[in-house]
Amino acid sequence: MPTAFSSQDLGRIFDARVLTRGRTLGLAGGVEVRLEGDTIAGTVRDQAFTYSVAITPALLGRRVVFDHHCSCRVPGCAHLAAAAFAALDRFPVLRRPEQQTFLDTLTAAPAEKERQRIVFELAPADHPFACAVTSLLIGERSGIAMPTTPRAIADANAGPGSRDIACRLGKGTEARSLVRPSAVPEVLQALAASGQARWHAGAKRLVKGEMRVFASASAAGLPPRSAVIVADSGPWYVDAVTGAVGPVHIQASTLPRPAGSPPVVSQRRTELATSSEPVIVDRPMVPVVRLTRFPCPDAFG
């Protein structure tokens, strides 16, 4: 007689993502199982490949343990989870009294909803917009990202930082909010101060950075996958490596003096003791040409 088990027993040996993947394979109809004594044997079709699985549940004290093997050679893989769920659905002898069928497990409401955190993802945007901010909900356990809207964040029981950003984004009804150049400084400062924002390239968390000096916005010395976001009041940089966000000061380079031009001598300021004393000022010498009219002599007189 095989040892009965439940989905809770499977949760102790399989990761939550593996269990979800196993349920997906079972719904796809590519799982075939049979009982060979105390062992669950079968095959699982995953895309273009078919894997052989074997699972033997047994009691160890008051807990159920599993001796399992899959031809993919990955311990605790989704193929084993799919076969275990399929066996619970097909063979009632394997179910514990409180265990439901496989389909009932899929349709039943979860016992506890996964906690999610709010994340704002910053990315460049096309003209006439300066940048775009995408609002996301990310599961703390699974890491699965789901889009949300600034309006939903503003109406929910979120923290003051999240609600402030949602209001600055206009409480829109789309997950991706476009930011105009006039609103760039206040939006970027709020994102960096919240601790809940990240850069779209590499997902680095945004933090407040110092002002940086560049020769031009197009020649900014930034790491790869970074960007310069141009606002009405001036450009801002986003460093993809550190996540730093800050304003940019454009410092024009000094143009070289043409060859042969006279050197520029700084004017010396001389303080006057009294208004009647003479003032000596050092200035560059400037050549002057003067033309004078002379009467032409009469050679024939």
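The largest nonpolar core comprises 30 residues, and those with the most contacts inside it are Phe120, Leu122, Val184 and Leu191. A nonpolar core is a set of buried Ala, Val, Leu, Ile, Met, Phe, Trp, Tyr and Cys residues joined through side-chain atoms within 4.5 Å; buried means under 20% relative accessible area, exposed over 50% and partly exposed in between, with a 1.4 Å probe and protein chains only. Two or more residues each are given to this core by strands S5 (116–124), S6 (131–139), S9 (197–199), S12 (227–231) and S13 (234–238), and by helices H5 (150–155), H6 (160–168) and H7 (184–194). Helices (H or I, at least four residues) and strands (E, at least two) are DSSP runs numbered from the N terminus. H7 gives the most to this core, with 5 residues.

The model is predicted: local features need pLDDT of at least 70, side-chain atom pairs count only at pLDDT 80 or more, and totals for chains, interfaces and linings use all residues. Residues are numbered from 1 along each chain as its sequence is written, and side-chain values use heavy atoms, with hydrogens and water left out.

Leaving aside residues up to four places away in sequence, Phe120 touches several residues, including Val133, Ile153, Ser162, Ile165, Leu191 and Ala197; contact means heavy atoms within 4.5 Å. Ser162 lies in helix H6 and counts as buried at 2% relative accessibility. With the exclusion of residues up to four places away in sequence, Ser162 touches Ile118, Phe120, Ile153 and Gln196.

A second, separate core of 29 residues includes Leu10, Phe14, Val18 and Phe91.

Turning to the sheet, 4 strands form an open arrangement in the order S1-S2-S3-S4, with antiparallel pairing. Strands S1 (31–36) and S4 (63–70) stand at the edges with a single partner strand each, so one side of each is left without a neighbour in the sheet. From one strand to the next the twist averages 25°. Two strands pair if DSSP finds at least two bridges between them; S1 and strand S2 (residues 39–46) pair in the antiparallel sense over 6 bridges. The bridge partner of Leu35 in S2 is Ile40.

Helix H2 (residues 16–27) lies across S1 and S2, running at about 80° to S2. Helix H3 (residues 78–90) packs on the sheet and touches S1, S2, strand S3 (49–60) and S4, its direction making about 65° with that of S3. Axes are lines fitted to C-alpha atoms, for helices over the stretch in contact, and angles run from 0 to 180 degrees between N-to-C directions.

The count of aromatic pairs comes to 2. Rings of Phe, Tyr and Trp (its six-membered ring) pair if their centres lie within 6.5 Å; planes under 30 degrees apart count as stacked, over 60 as edge-to-face and the rest as tilted.

| Pair | Centre to centre | Angle between planes | Class |
|---|---|---|---|
| Phe5 and Phe66 | 5.2 Å | 85° | edge-to-face |
| Phe49 and Tyr51 | 6.5 Å | 40° | tilted |

Phe5 counts as buried at 0% relative accessibility, and Phe66 is buried with a relative accessible area of 12%. Phe49, at 52% relative accessibility, counts as exposed.

Regarding confidence, the mean pLDDT of the protein is 80, and 76% of its residues reach 70 or more; pLDDT is the predictor's confidence in each residue, from 0 to 100. Over residues 265–277 the pLDDT is below 50, and this stretch has 10 contacts in the model beyond near neighbours in sequence.
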